[in-house]
Amino acid sequence: MKKLRILDIVEDTMVDGPGFRTSIYCAGCRHQCAGCHNPQSWAFDGGQEMTVEQIVRVIESDPYANVTFSGGDPMYQAAGFAELAREIHRRTNKDIWCYTGFTFESLINEDQRELLSELDVLVDGPFIERLRDGDLLFRGSSNQRIIDVQASLYSGETVLWKPDVTV
């Protein structure tokens, strides 16, 4: 079983997607966006190593919270997060969101495709401080998109996520 480099796991947050979420914050990011809200996540040796099983146990302990992968950038640990996502889907009915500084199009044909295939929603693109426009639903800057990954993979074109009326 793979190990992931994890900075923190925050339970019952409401800022990283709709409803209550368990957010997994990973270590490592080369984007190093100016104005990043989590620059301590840039170091690849930060946090601690955790097994997929350890993380899944935390996720399973809250039957109501869905899951968000954030960072750092989970795409730098794509194989481990793909394994984690598969295990979450195998053992729960939770949806999985992921934040990345990469664009969806740049990930589609790369090693990260395996992780993409396990995600429900991807918030893509680097944070651009000058594009931080007031109240952006689940995004830091207006260039970032909230993508329905499964619909996008099925259709072959980028499909934006549409929030439920309950969001």
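Two strands are said to pair if DSSP finds at least two bridges between them. The numbered points below apply this criterion to a predicted model.

1. Pairing around β6. Strand β5, residues 96–99, and strand β6 run parallel to each other and are joined over three bridges. Within this pairing, C98 has L122 of β6 as its bridge partner. On pairing with strand β7, residues 145–148, β6 adopts the antiparallel sense, over four bridges. L122 also features here, standing opposite I147 of β7.

2. Side-chain directions in β6. Strand β6 covers residues 121–124, with V121 and V123 pointing one way and L122 and D124 pointing the other way. Are these four residues buried or exposed? All are buried, D124 included, where the cut-off for buried is under 20% relative accessible area.

3. Pairing around β1. Strand β1 comprises residues 3–13 and pairs in the antiparallel sense with strand β3, residues 48–51, over four bridges. M50 in β3 is the bridge partner of L4. With strand β2, residues 21–26, β1 also forms an antiparallel pairing, over five bridges. In that pairing, S23 of β2 is the bridge partner of V10.

4. Secondary structure and order. The protein contains five helices and seven strands. Their order along the sequence is β-β-β-α-β-α-β-α-α-β-β-α.

5. Overall dimensions. Does the radius of gyration agree or disagree with that of a compact globule? For 167 residues such a globule would have a value near 15 Å, and the protein has 15 Å, so the two agree. The C-alpha trace spans about 40 × 35 × 30 Å along its principal axes. Of the 167 residues, 46% count as buried. Among contacts between residues at least 6 apart in sequence, 64% join residues at least 24 apart.

6. The largest pocket. This pocket holds about 660 Å³ of space. Its lining consists of 32 residues, and H37, Y99, F127, G140 and Q144 lie nearest its centre. By residue class, the lining divides into 13 nonpolar, 15 polar and four charged residues.

7. Backbone geometry. As background, most residues other than glycine have a negative phi, and most peptide bonds are trans.

   - G71 and G72 are joined by a cis peptide bond, with omega of about 20 degrees. G72 is located in the loop between β4 (66–70) and α2 (78–91).
   - D12 is not a glycine, yet its phi is positive, at about 60 degrees. D12 belongs to strand β1. With a relative accessible area of 42%, D12 is partly exposed, because that class lies between the 20% and 50% limits.
   - Q32, likewise a residue other than glycine, has a positive phi near 45 degrees. Its place is in the loop between β2 and β3. The relative accessibility of Q32 is 44%, so Q32 counts as partly exposed.

Conventions: Residues numbered from 1 in each chain as written. Predicted model: local features only at pLDDT ≥ 70, side-chain atom pairs only at ≥ 80, totals over all residues. Heavy atoms only, no water. Buried < 20%, exposed > 50% of the residue type's maximum accessible area, 1.4 Å probe, protein only. Helix = DSSP H or I, 4+ residues; strand = E, 2+ residues; numbered from the N terminus. 1 Å grid on protein atoms, 1.4 Å probe; cavity = no way out; pocket = protein on both sides within 12 Å on 5 of 7 lines; lining within 4 Å. Points joined across faces, edges and corners; volume = space filled by probe spheres on them. Nonpolar A, V, L, I, M, F, W, Y, C, P; charged D, E, K, R; others polar. Rg over C-alpha atoms; globule rule 2.2 N^0.38 Å. Contact = heavy atoms within 4.5 Å.
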